[in-house]
Amino acid sequence: MKDYTGVLVTENGKYKIYSNGEDVDLSDVLSKYYFAETKIHIKISNNRRQLLHESGELYYDRDSNKKYRLHINGINLEKILLNNFNNLITIEIQEVA
């Protein structure tokens, strides 16, 4: 299981988080799961509540602005990340067999 806790930022259009003493490129992490076509269990929370708790495959679908965004089970994952820039969040990702 991958567990990242830190302040979510964006750099050059990518999602990044400073977690456990290192900069983690979340866009790259999520892209690897997408291209591997691996089912995952993902949980995202902030200090107040759970934002996402889903299992399934990542896929791209159009959002309300007609742009392709990363989704899981019909939920726009990138919208959740966009709404939490500069916030302390925890992301847990685990591959599902």
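Author: Six strands form an open sheet in the order E3-E2-E1-E9-E4-E5, with antiparallel pairing. Strands here are DSSP runs of E with at least two residues, helices are runs of H or I with at least four, and both are numbered from the N terminus; two strands pair if DSSP finds at least two bridges between them. The model is predicted: local features need pLDDT of at least 70, side-chain atom pairs count only at pLDDT 80 or more, and totals for chains, interfaces and linings use all residues. Residues are numbered from 1 along each chain as its sequence is written, and side-chain values use heavy atoms, with hydrogens and water left out.

At the edges lie strand E3 (22-25) and strand E5 (50-56), each pairing on one side only. Strand E4 (residues 40-46) pairs with E5 over 6 bridges in the antiparallel sense, and Ile42 has Glu54 in E5 as its bridge partner.

Helix H1 (residues 26-36) packs on the sheet, in contact (heavy atoms within 4.5 Å) with E3, E4, strand E1 (2-11), strand E2 (14-19) and strand E9 (88-95).

Ile42 also belongs, with Ile44 and Ile93, to the residues with the most contacts inside the largest nonpolar core, which has 23 residues. Such a core is a set of buried Ala, Val, Leu, Ile, Met, Phe, Trp, Tyr and Cys residues joined through side-chain atoms within 4.5 Å, where buried means under 20% relative accessible area (1.4 Å probe, protein chains only). H1 supplies the largest share of this core, 4 residues. Beyond four places in sequence, Ile42 touches residues including Leu30, Leu52, Ile72, Leu77 and Ile93.

Notes: Axes fitted to C-alpha atoms, helices over the stretch in contact; angles between N-to-C directions. Buried < 20%, exposed > 50% of the residue type's maximum accessible area, 1.4 Å probe, protein only.
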